Amino acid sequence: MTGLKATSLLERFRTVGASVCAALVVSVATFSTSVSAQAPAVGWPEKEELKFGFIKLTDMAPLAVAYEKGFFEDEGLYVTLEAQANWKVLLDRVIDGQLDGAHMLAGQPLGATIGFGTESHVVTAFSMDLNGNGITVSNEIWEKMKAHIPQEDGKPVHPIKADYLKPVVDEYRNAGKPFNMGMVFPVSTHNYELRYWLAAGGIHPGYYAPHKGDTAGQIDAQALLSVTPPPQMPATMEAGTIYGYCVGEPWNQQAVFKGIGVPVITDYEIWKNNPEKVFGVSQGWADKYPNTHIRVVKALIRAAMWLDENDNANRPEAVKILAKSTYVGADEDVLANSMTGTFEYEKGDKRDVPDFNVFFRYNATYPYYSDAIWYLTQMRRWGQISEAKSDDWYKETAKKVYKPEVYAQAAKALIAEGKAKASDFPEFGTETGYKPPQSEFIDGVTFDGSKPNAYLERFDIGLKGDTVL
Amino acid sequence: MSKMTTILRLPSSPSNANSVLSRLYQSMPVLLLPVIGLLMFLAIWNGVAKSIDTSLGQFPGPAHVFEQAGTLVDEHIAQREKADAFYQRQEARNAARMAQDPTYEPKVRDFTGAPTFFDQIWTSLYTVMVGFFIASVVAVPLGILCGLSKSAYTAINPLIQLFKPVSPLAWLPLVTMVVSALYVSDDPAFSKSFVTSAFTVSLCCLWPTLINTAVGVSNIEKDLINVSKVLRLTPFAHLTKIVLPSSIPMIFTGLRLSLGIGWMVLIAAEMLAQNPGLGKFVWDEFQNGSSESLARIMVAVLTIGAIGFVLDRLMLSIQRAVSWDKSSVLR
């Protein structure tokens, strides 16, 4: 038995050794032919051993894929990926240098840079994905809501607006019961999406007033929002502490599978192709390791391309990777539900949402200034930015945090290496970083990134102009 | 009354066959009862597990947990194979870069893959030992001081009473911030999460050793102290010849208690500090929320228990070895 094992091991060593030798010969050969033809377009990485943090959500996929598919190693980077306990821990560890970079909420680099929460200059050169969140309510709330929702063929008509939730919220408020909902972090996409959806349906989600020390965000609130880490959302709702939540996958589908709640809307329907997570690093780190930064972005772009390749053909494999307990770790069928382009609302009501998770197409990975500005407008709308700011301030802040120039260098290097096509990216020569005005929001309000203050004027609920709480 | 005594005597009646039986009967409680206890536990566990439905599926029974233990072993083996491949790829890459950039000094980096369950056990053991060591180095001298000097004891005692009952969870945020502020280096030898966890363990397992050492030292027999006085031993000789030898059993009693507490504290500290040990394993699995998560956590729970037991037995055997009073009962 042992003899058998030993020989097979030896054999394996031999074959591997041979292939390594072959690879060496080939690589040396290619290098000698192209010797000094050019030093690599991007300089060697200043730091080779890196540690990146992530939160257990499906949209950390570009990191897992870049690791498992060897894209990081191709850039000469030896990356360790580590799950973090919550968004605050993750951000603090990036700021104090325990992590070289991390999967972050789009609002985190912005919030940190303008000093809402922990203050520190954090930047991003890579947007990790579009969409991917949902709002789920408990079974009890769903039963009450359903009575108000128009039906077609026995199924509720989507998208479901918060207008149908309003009578339920009123009922609870009249009975003197606070209507509690969960979101994942004060500067999270989820917080702003949930607020946007509620406010569009006439439900006031409450203001923040950091200048008065109020960071709970419940001033004047009809629905009280509080922070719960994503993986604990379903359990917290099951316990009755919250009646609904807005969170990324797999935690909405988890609620359907466990029969504890019903997702009512995806963020795709709240704002079509909204930017979601970014890859954030501290400004100090980016200054110290510019080549490393570009190489990390290169690897991430390749991972995002792989995820969207051939109409999501690689998604089933991605699901297998994500299901590993060191990454997201949820059951494969739960992950597959959203990752492969479908979304299950009520149990059995599975609908196609091919763009539920977008990792690369529609220039998903390009860090648009206008995306940053949308988040800043929402911070102002809900009082996280307590006083009026000029349009220029919004633009400067976006420029301070979003680094399309780093992205462009990475993309050009990939094009030069033949790993990507120029047509995969925006036209770098002419790209301003501002998307054309978008109007595919649930309330139909048009967003033009170049006029943030005018945008804020369009909302009934929310701070605008010179209003200070 | 007389009937009772005959019944009681029956097993030890002098006939030959009976003597074997009686020996068996006498050793039965030692061998059989733990087995009965264990079997009953498994049966109750199995029964209860079936009737608990959580949102992560049924609570895992013994069979499910055993199966997951196997999976963890498989994952460890698979990860080792990945590590081998990683080192080979790295060699090739280093060589390729050397060819292109001769100034490059290649180095071999450690495997970047996630730690397996067994790596995490090792991290936990290492962390608890470092924390325990720091605590002992502080507590034993301090305890001796308190035992020798009544005034030192009176001065320090209120502090001991104040800090002894503090939970590790209360210390942790403070330790985290202090470590972040003070432990700054470009190329740290230890990760901050490790230092935080180890220090939290130290803070919590300091007290039993301190108190027991103080008590042991202050209760040295009067005769021995008189001998020391008659012989006019120097303070150092008094310490090494009289104080330490006679208080060693108590010191070790304290150390054993400390290690037990340290091991318990460690799991909580690792969960919050994100030190990649068993505590983080439990936390991560809880976060995963897959249908296997609970069974995997149960594997960790049993492993934590087993390791705690082994650590305690080790300390017990050391305690026995160094105890000069072999007649005292230690358990």
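**A closer look at H2(A)**

Modeller: Let's start at the end of the helix: just after H2(A), A:Gly70 takes a positive phi of about 75 degrees. Keep in mind that this is a predicted model.

Now for the helix itself. H2 of chain A covers residues 61-68, and eight of its eight residues are buried. That label applies because a buried residue has 20 or more other C-beta atoms within 10 Å of its own. The list runs A:Ala61, A:Pro62, A:Leu63, A:Ala64, A:Val65, A:Ala66, A:Tyr67 and A:Glu68.

What do these residues pack against? In chain A, their partners are the strands S1 (49-54), S2 (78-83) and S3 (101-105), along with the helices H3 (71-74), H13 and H14.

Let's follow H13, which spans residues 290-312. A:Leu300 is a handy place to look: setting aside its neighbours within four places in sequence, A:Leu300 is in contact with A:Pro62 and A:Ala66, as well as A:Phe126 and A:Phe279. A:Pro62 and A:Ala66 are both on the buried list of H2(A). Here's a handy bit of background: an α-helix has 3.6 residues a turn, so residues three or four places apart point the same way.

The largest nonpolar core has 142 residues, and A:Trp197, A:Val297 and A:Leu300 touch the most other members. H13 of chain A gives this core its largest share, 11 residues. Apart from that core lies another one, of 56 residues, including B:Ala135, B:Phe199, B:Cys204 and B:Ile267.

H14 (315-322) of chain A is among the elements covering the buried residues of H15(A), and so are H10 (251-257) and S15 (342-344). H15(A), residues 332-339, is mostly covered, with six of its eight residues buried. Those six are A:Val334, A:Leu335, A:Ala336, A:Asn337, A:Ser338 and A:Met339. Just after H15(A), A:Gly341 takes a positive phi of about 95 degrees.

Finally, zoom out to the two chains. 26 residues of chain B are in contact with 33 residues of chain A. On the side of chain B that touches chain A, helices H3 (62-100) and H10 (278-288) of chain B each supply at least two residues. The largest share, 10 residues, comes from H3(B). By type, that side of chain B has six nonpolar, 11 polar and nine charged residues.

Notes. Residues numbered from 1 in each chain as written. Chains lettered and ligands numbered in written order. Predicted model: local features only at pLDDT ≥ 70, side-chain atom pairs only at ≥ 80, totals over all residues. Core = buried A, V, L, I, M, F, W, Y, C linked by C-beta atoms within 7 Å. Buried ≥ 20, exposed ≤ 12 C-beta atoms within 10 Å, placed from the backbone. Helix = DSSP H or I, 4+ residues; strand = E, 2+ residues; numbered from the N terminus. Contact = placed C-beta atoms within 7 Å. Nonpolar A, V, L, I, M, F, W, Y, C, P; charged D, E, K, R; others polar.
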